Amino acid sequence: MSLASNSNYEYKVGGIVPLNNQTYVKRQADDDLYYWLKSGDFCYVLNSRQMGKSSLLLRTMRKLENDDFACVKIDVSGDIGTTIEQPNQWYDVLVEIIADSFGLDFITWRDNYQSLSLLKRLSKFIENFLLAEINHKIVIFVDEIDSVLGLKFKIDDFFTFVRYCYNQRAYNPEYNRLTFALFGVARLSDLIEDKQRTPFNIGREIALDGFQLREVEPLAKGLEDKVDNPQTVLKEILAWTGGQPFLTQKLCKLVLRAKSPINSGNEVISIEQLVQLNIVDNWESQDEPEHLRTIRDRIFKNEKSMGRLLGLYQQILQQGEITADDSPEQMELRLSGLVVKCSDKSKPPCLKVYNHIYQDIFNQDWIKKELENLRPYGEYFTNWLDSNCNEQWLLRGDTLQESLEWKEGKNLSYHDYQFLSASQELEKRETQIAFEQERQANRWKLATALSFALGITTLFGGGLLWQQFIYCPAGEERVNGTCFKFEASSGEIRLFVSNQNSALIKGIKYFNLGDYPKAINFFRQAVDSAPNNPVPQIYLNNAQARQQGNPFKLAVVVPVENEERVAQETLRGAADAQTKFNKANGLNSRLLEIVIVNDANKPDIASKVAQLLVKKYPGVLGVIGHNSSDVSKAALAEYEKVSLAMVSPSSASTYLKSPVFFRTVPSNYAAAEKLAKYAKNTLGIDKVVIFYNPNSIYSDDLKKLFEKEFTDLGGSIVQNFDMTNSALDAEAQIKRIVNQDQAKALVLIPSVEITSVAILITKINAQLPQQQRLQLLGGATLYSSKTLREGGSAVDGLTLVVPWYDQNSAYAKAAKERWKETIGWRTAASYDATWAFIKALSINASKNTVIENLESLELSCSDTSGEKLKFWADGNPDRESRLVQVDRNAPAPHDSGFGFKPIEDSNSNQSEC
């Protein structure tokens, strides 16, 4: 052994390992990729950065060329780039690279086929140039394929083109000579933006694992002059790096350049010191070439998901490993390189931290610091956990509202959702107490003031009484003793803050001026620039109705400020019905105007909204809304006072009863009966556990009705759990349910605002061994893309009882085309609600005639979203609930790998449509 390092040996830290470099480590992936490409299989190697993908590509390409294959490599990031503005330019560069590599005439191809579509042009290039001129077997290697995610346009057609080449093998044998190999840092599902297309599921995935001890002999040669036992040193290096190629090469280089040799017996302490001094300590400043910061930045690249990724990583760090389920969050964490699938094939798939270096750097203290920086409520949250969930640390007022706004669209931890839910419940209680105290104080003040005013009327008149007890700030007015801001618009204001549409803003300006022709012009532009936003469409219809004169008026009440997705879904259905009616020139040339009203989906606000709606809009003939059952109940009493019909497209609680109340969704009774029969009679489940919100009349009602139906069928409810209870340890309870209570299913009935808690419960269930996992059942509040997006594989198999599923109806197809996405049940139900009102109109319509007409209404399938509609005497529709199940192969929204599919139910009545 010598203190001098091997001068002819240079470890490659970062970048592609050159062909003549001695430190290349051959792995199983080398043989697999070479074998399958030589066999003609399409292949893809998708993994985290700095795992040796490009080096693997280079060597496989050289081996195939030695076997008389014609190969070309396209680096999407370097050769094509992400600054190209138009799709045709991207494809031109792609073809030019291939043509230049093989000496083909790119100019002739471009000139001759310029007028064809992109896919036609590409197929002509393959058939008339590439396969016609090159007689060898051809492999096109595409590196850095994830760079397509940074383009300003969709590149889905490229993957359609690759699939086309694969499928053409069945029709044209020449295509058997053409093969593709894709390399990058992405999931296949990430690469295709349009999820309505056929999934890109051709080809063979090549697993690229870290270095194994049996494979690293090439690395030992460089250490021979510096250490007594190279194999022992390498074993200790791999113990720290887990075989991660970049770190393994870096640590070998550190050994080679160390001042002191590593003597026999000192391997453990020597390698540990090198790791601590040169990698872990002050890691950010020593991270050259950059590696650790790449991992960190990958986790932090998306603000909406970073909280959930940190929470998931924290769980892995605490437990050592968790069950692998290939959910979007798990896959994203794997692509960061921070975690890896366990290599032990004798047990179920699991995830663990890739290596000890990552574990030492990205430790619990790091997670805690980053989560505190991430959360605007970090200090409160930490103190709440440390104090065993003491209420004094919960959020209130503006801090709570800012935190709720911040959490929208993010995937947070189970405890985050518990904390925010508990904060909301506390604020609700305190608001009710404060309101009652204020009401009592105001009564005393008013009595005192009136007595005082009567004594000095001649001196002060009524002015003092007005200023002190009735006056409210500008834009607000007094309702039930408090000042309140009523938000409603037919086109006068921009209700949704996210509607940053200049044409919409100009249209609003002219609508307020009464210049309806100009308003119509700008609202049309707003519709064209935001085709999936229903507000410009409703404002456009309203402007046309105002211009024609004497419109009918309906109100749609939605949660504008805090549940915009729900509001948009509801407004789409109303917009569709309004557009259909107005385009047909309405009734006796009277068109329909829709007033959009905000109730924030909060009962206390909804009651005031209802009072002011009937006061400020006496011409409104009906109300479409509200969203949740609790909110509908709060508003219903006000509508009943003035005989104003309310048709709800989303409130299912049987507690809702009134002569003016109707709904287009089946009630909870129908839903409970359907779900109970499916659980007991179809699945054969005898014992279930229910998670619900006792403070929600929807959740509490469905829970009680399901209990009755299920027990009447001979089943039993093992236990009920309050999902809003901050002290609930869901993980411990589920394990106890499985091991002691022997329940077979979880029934999840969250209210709208706590669906995230239910989704996290499904994730806890997914961590159980496969044979112990509970069947998942649930209510309609989980029937949303949010469940699919946040739940991933944890909700696979979740069965929901829902009010509607008819994606093949004429309306569903037309609405999908109109709004550029598959519609949900709220859109269908609000369409039916709006159309029910339209059919209840008459030339001399009044509130009373509308109610009378609704009571006798019968709509055919062609008039609705796909199912006949008539109301029973209690306002419930003559409709059944439906069953849907989360499935990997069902049509999925663009941000999830799962979708909902209908379940055939032998107990269902056959649809007459």
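Select helix 11 (residues 245-257) and helix 12 (residues 267-280), whose axes come within 11 Å and cross at roughly 105 degrees. Helix 11 is therefore roughly perpendicular to helix 12, a label used for angles of 65 to 115 degrees. The axes are lines fitted to C-alpha atoms, for helices over the stretch in contact, and the angles run from 0 to 180 degrees between N-to-C directions. Helices (H or I, at least four residues) and strands (E, at least two) are DSSP runs, numbered from the N terminus.

This is a predicted model, in which local features need pLDDT of at least 70 and side-chain atom pairs count only at pLDDT 80 or more, while totals for chains, interfaces and linings use all residues. Residues are numbered from 1 along each chain as its sequence is written, and side-chain values use heavy atoms, with hydrogens and water left out.

Stay with the helix pair and show side chains. Which residues of helix 11 meet helix 12? They are K250, L251, L254 and V255, and on the side of helix 12 they meet I271, L274, V275, N278 and I279. Contact here means heavy atoms within 4.5 Å.

Next, select C342 and C350. A disulfide joins them, with S to S at 1.8 Å; the rule asks for a pair of cysteine sulfur atoms within 2.5 Å. The count by this rule is one disulfide. The torsion about the S-S bond of C342 and C350 is about -130 degrees, so the disulfide is left-handed. Both cysteines are buried, where buried means under 20% relative accessible area, exposed over 50%, and partly exposed in between (1.4 Å probe, protein chains only).

Now pick C71, which is in no disulfide; its nearest cysteine sulfur, that of C43, is 12 Å away. C71 is buried, at a relative accessible area of 9%. C389, by contrast, is partly exposed, at 23%.

Move to the loops. Most residues other than glycine have a negative phi, and most peptide bonds are trans.

- D68 has a positive phi of about 75 degrees although it is not a glycine. Look for D68 in the loop between helix 2 (53-66) and strand 2 (70-75).
- A600, also not a glycine, has a positive phi near 60 degrees. Its loop runs between strand 13 (592-598) and helix 28 (603-616), and A600 counts as buried at 1% relative accessibility.
- The peptide bond from E288 to P289 is cis, with omega near -10 degrees. P289 is in the loop between helix 13 (283-286) and helix 14 (292-300).
- The peptide bond from G625 to H626 is cis, with omega near -5 degrees. H626 lies in the loop between strand 14 (622-624) and helix 29 (629-641).

Finish at helix 31 (residues 697-712). Is this helix mostly covered or mostly open? Mostly covered: 12 of its 16 residues are buried, among them I697, Y698, L702, L705, F706 and F710. To see what covers them, display elements including helix 29, helix 30 (668-682), strand 17 (687-692), strand 18 (716-722) and strand 19 (745-749).

Notes. Parallel < 35°, antiparallel > 145°, perpendicular 65-115°, else oblique.
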